[in-house]
Amino acid sequence: ESQYRARNFSNRTATSNTEDSPASPRYCCSCSKMTSLVLSYFNARGRAEAIRMCLYVAKGGDWVDDRFAGKDWMSIKPTTPLGSVPTLKIDGMAHCQSTALLRYAGKLAGWYPSDPLAALVVDEAVETINELQSKLPFKGKKTDEEFKQSRKEFQDTIMTQYAGFIEDLIQRNGGKGFTTEPSTADALLFVLLGDFRAGNYDHLDPSFFESYPGIVSTVEGVANNEQVKKYLAASK
C-alpha cells in the first residue's frame, strides 16, 4: 500500500466532518463564493483521476488532493456521506457520487458543454465508459483458467461492442473528441486508455484500443493539453 498523502496545492488542510459548523454553507449558484475544494480518494487513479484532472485545469493548485492508503479506509468510511469515495468537500460540505463530481469539476474547468445536445453526448459517453468498467469480470471464485477465459470473452464481446460505440460517438464529431472542445468524457477516456496501456487489467490486451483511431486521437488531444501536462507533472 502507498503511504497516506494529501497533495495540498493551496496550503490549505483537509477538515473533518466534525469540524463543520452547524451553519454549513447553503447551496448557491455562484461558484465564486466557493473558496475550498478537498477531493478525497485512495492513493490511486480509479474513479478520482479524471476529477483531479478537471479540478487542476479549473483551479491550478488551488485545491487539496487528499489521498489515503487502503489500510485507512475502514476508519475513513464512516465519515463519508454514503460509505464510498471519492468525495469532494466544497467549503467543508461533503458531496459524493463520482459522475456528479466529475460533471461539477468539468463545469469549473470549462470541460462540460453548455449546449444541451453536446452535454447529452458527453454524458452518454461518460455513462458508457463507466458501464463498460462495471461489466468487467472479476476473479472471485473462478480458477485462473476460468478467469482468463472470462476476460477473453469479455474482450471479444462486450468490450468490442462498447469500444465500437465510443468510437462512433467520436467519429460523428469529426474523429478527435466527443464535442468540439475538451470534455469530461475525454478525460475519463484518457484515464481508461492509460490504465489499459499500463497493463492494469489482467488478461486483457493492453493494445486493444489502439485500433480505434478516434479513441486514440481523443486521448492524444487530452495528453497534449498544457494544463493536463502540468497536472501530470505535479502529481508524480
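Predicted model: local features only at pLDDT ≥ 70, side-chain atom pairs only at ≥ 80, totals over all residues.
1. Crossing of α3 and α4. A crossing is right-handed if the near helix is turned clockwise from the far one by less than a right angle. By that rule, α3 and α4 cross in a right-handed way.

2. The axes of α3 and α4 lie 12 Å apart, and the packing angle is about 145 degrees. From α3, the contact takes T99, L102 and R103. From α4, it takes D123, V126, E127 and N130. By class, this contact holds three charged, two polar and two nonpolar residues.

3. Overall make-up. The protein has eight helices and five strands. Reading from the N terminus, the order is β-β-α-β-α-β-β-α-α-α-α-α-α. Of its 236 residues, 45% count as buried. Take the contacts between residues at least 6 apart in sequence: 72% of them join residues at least 24 apart.

4. Largest pocket. How much space does the largest pocket hold? The value is about 470 Å³. Its lining has 22 residues, and the closest to the centre are G46, R47, Q133, D195 and Y201. By class, the lining comes to twelve nonpolar, seven polar and three charged residues.

5. Backbone: the cis bond. Most residues other than glycine have a negative phi, and most peptide bonds are trans. Where is the cis peptide bond that involves P86? It joins V85 and P86, with omega at about 15 degrees. P86 sits in the loop between α2 (73-76) and β4 (87-90).

6. Backbone: D91. This residue is not a glycine, yet its phi is positive, at about 50 degrees. D91 belongs to the loop between β4 and β5 (93-96). Is D91 buried or partly exposed? Its relative accessibility is 25%, so D91 counts as partly exposed. The cut-off for buried is under 20%.

7. Backbone: Q97. Here too phi is positive in a residue other than glycine, with a value near 80 degrees. Q97 is placed in the loop between β5 and α3. With a relative accessible area of 48%, Q97 is partly exposed. Exposed would need over 50%.

Notes
Residues numbered from 1 in each chain as written. Heavy atoms only, no water. 1 Å grid on protein atoms, 1.4 Å probe; cavity = no way out; pocket = protein on both sides within 12 Å on 5 of 7 lines; lining within 4 Å. Points joined across faces, edges and corners; volume = space filled by probe spheres on them. Nonpolar A, V, L, I, M, F, W, Y, C, P; charged D, E, K, R; others polar. Axes fitted to C-alpha atoms, helices over the stretch in contact; angles between N-to-C directions. Helix = DSSP H or I, 4+ residues; strand = E, 2+ residues; numbered from the N terminus. Contact = heavy atoms within 4.5 Å. Buried < 20%, exposed > 50% of the residue type's maximum accessible area, 1.4 Å probe, protein only.
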